[in-house]
Amino acid sequence: MSALTNVYINRIAAFLPNAPVSNEQMEQVLGMVGGTPSRVRKMILRSNAIKTRHYAIDPQTREATHSSTELAVEAIKGLIAQGMDVNEVSCLACGTSYPDQIMPGQGVMVHGLIPNAPPYEVLTAAGVCIAGMAAMKHAYNSVRTGEHLSAIAVASETASAVMRGEHFQAEIEQRQLEDAKPEIGFSKDFLRWMLSDGAGAVQLSNKPNKHGLSFKIHWIDLISYANEMPVCMYAGAEILDNKFIGWKNVSKQECDNQSMMAVKQDVKLLNENIVRCTVENALLRLINKYNLKAEDIDYFLPHYSSGFFRDKLLEGLKNINFEIPQEKWFTNLESKGNTGSASIYIILQEFLATYPLQAGQKVLCYIPESGRFSSCFMLLEVVDGN
C-alpha cells in the first residue's frame, strides 16, 4: 500500500441564486400557507438573527430559477472560472439534504451538467448538513490514498422547493375538514423561516497552489450519535403514535394530508441536545485523538443554524475547557442564511476571500447535524505558495 499524501484545498467557489431576500420579503416569495400570514415568522426571525438569504425562486413570477443540481454545477463553474481544468479531476463527490429526485443520485446528475467533463468516479452523500462534509471526506480520502490526484467536493440545497406555501394546501384542506385551524404545525413552519438555497464547491489535490493561498487539510472527523438519540429533523416521513413511518408505507392521500415531504424538526429535542451531542461529546473525543489545543486555533468557522445557538455554542466549548473567543469566529449566517449541507463551503469561500490569512494559521471548522445528531470537525492550515 502506498504512503498517504497530504491533501490541499486549492480552490473554493460559492453560488447563491438571485438577489438577497429580506425578512420582509420572505413570505411573499415563499407564499403564505392557507392564505394566512404565519403567526411565528417574526418570532423565529428575531431568534435566528438571519437578515437576508437567497432563494432559487423568481420573486415576481414565483417560478423556480434553479434546481439543486443546477446550483451545484454553478458552484463548480466557479472553480473552472478560477482556473480548474475539469480533465485534471477524476473524482466528484456531491452532498445534499434534499436531492431533486429520489434516483438517480445527485452526483451523477451534477456530473452530467458539468461543461466538457470527462468520466469521473462519482459519489452521492445523503443526510442533512453532514452530507456536504461526507462528500468532502470522500474527496479528501480519494486524494489522500493516491487513488486520485485531484477531486471535487460540492454541496447544494434548494430548501425553498419544498417550503412553498402551496405545497401545504392538502394539509390545510384536511385541517379545515376537521374544523381545525388552517395552519401547519410549528415543526414545519419553524423551518420555513430558517432554511435557504445555495451551493459551494472545492477542488482538492495532493499539491498546494504554487501561487497564493491553499488550505492543507489535517483531518476531517465525522461522528453519529444515532445509537443513543432519536430522529430530530426529517422529511419524507412522519412520527405517528411514536413510530417513525416513511412515505412509502402510507397512501398518497395520507402523505399529502400530513405534508410528509415537508422538512420538519423537533425544536425542543434540538435545543436540549445539539450542543451537548455535537460540540461537547464530539469535540472531547478529538482533543485526545489529535492532541488538539484551543490556543492553537487561530480561527473558528462554525455552521450553526441560528443565532440562538451562538452563545450556547460558546458555553459548550467552555464546558469542555476548549474556549475559543468569539472574536476568532467567522460565520456569514446573517447575510447568507442557513444553506444546510452547503453552509460550510459558503462560509469557507467568503472567509478565504475576506480575511488577511497568513501561512501556518490553523482553522477549525464545525458542522453539526440534527437529523439524528451527527457532528463533523475539520482542521485546516493556511499554506502560502508565494
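I took buried to mean under 20% relative accessible area, exposed over 50%, and partly exposed in between, with a 1.4 Å probe and protein chains only. By that scale Glu166 is partly exposed, with a relative accessible area of 41%.

The model is predicted, so I kept to its rules: local features need pLDDT of at least 70, side-chain atom pairs count only at pLDDT 80 or more, and totals for chains, interfaces and linings use all residues. Residues are numbered from 1 along each chain as its sequence is written, and side-chain values use heavy atoms, with hydrogens and water left out.

**Salt bridges**

I stayed with Glu166 and looked up its partners. I counted a salt bridge where a side-chain nitrogen of Lys or Arg is within 4 Å of a carboxyl oxygen of Asp or Glu. The structure holds 10 salt bridges.

Arg62 is one partner of Glu166, with the closest N and O atoms 3.1 Å apart. For the elements I used DSSP runs, numbered from the N terminus: helices are H or I with at least four residues, strands are E with at least two. Arg62 lies in the loop between β3 (52-53) and α3, and Glu166 in the loop between β6 (150-158) and α6 (169-177), so this pair ties together parts that are 104 residues apart in sequence. Arg62 is partly exposed, at a relative accessible area of 22%.

Arg164 also forms a salt bridge with Glu166, and here the closest N and O atoms are 3.7 Å apart. Arg164 counts as buried, at 10% relative accessibility. I noted Arg62, Arg164 and Glu166 as a network of salt bridges.

I then looked up Glu27 and Arg41, whose side chains meet in a salt bridge of 3.6 Å, N to O. Glu27 lies in helix α1 (residues 26-30) and Arg41 in helix α2 (residues 41-48), so the pair ties together parts that are 14 residues apart in sequence. Both Glu27 and Arg41 are buried.

**Aromatic pairs**

I paired rings of Phe, Tyr and Trp (its six-membered ring) if their centres lie within 6.5 Å; planes under 30 degrees apart count as stacked, over 60 as edge-to-face and the rest as tilted. A search of the whole structure finds 13 aromatic pairs.

Tyr299 is in strand β13 (residues 299-302) and Phe351 in helix α12 (residues 343-354), so the pair ties together parts that are 52 residues apart in sequence. Tyr299 and Phe351 are buried.

Phe351 has a further entry with Phe330: the centres are 5.9 Å apart and the planes at 35 degrees, so this pair is tilted. Phe330 sits in the loop between α10 (310-319) and α11 (333-336), and Phe351 in helix α12, so the parts tied together are 21 residues apart in sequence. Phe330 is buried, as is Phe351. I recorded one aromatic cluster formed by Phe215, Tyr299, Phe330, Phe351 and Tyr355.

I also checked the record for this part of the chain. UniProt, in an unreviewed entry, places the feature "domain: Beta-ketoacyl-[acyl-carrier-protein] synthase III C-terminal" at residues 289-365. UniProt positions are given in the numbering used here, feature names are shortened, and annotations may be inferred rather than shown by experiment. Over residues 289-365 I read 35% helix and 10% strand, with the end C-alpha atoms 16 Å apart.

**Strands**

I took two strands as paired if DSSP finds at least two bridges between them. In strand β4 (residues 91-95) five of the five residues are buried, so the strand is largely enclosed by the rest of the structure. Cys91, Ala93 and Gly95 are buried on one side of β4, and Leu92 and Cys94 on the other. Strand β5 (residues 121-125) runs parallel to β4, and five bridges join them. I found Leu92 opposite Val122 in β5.

Strands β10 (residues 237-240) and β11 (residues 243-246) pair in the antiparallel sense over four bridges. Ala237 stands opposite Gly246 in β11. The hairpin of β10 and β11 has two residues between the strands, and Asp241 takes a positive phi near 55 degrees there.

**One more contact**

I looked up Lys77, which is in helix α3 (residues 68-81). Lys77 counts as partly exposed, at 34% relative accessibility. Lys77 and Pro115 are 38 residues apart in sequence and 8.2 Å apart in space, C-alpha to C-alpha.
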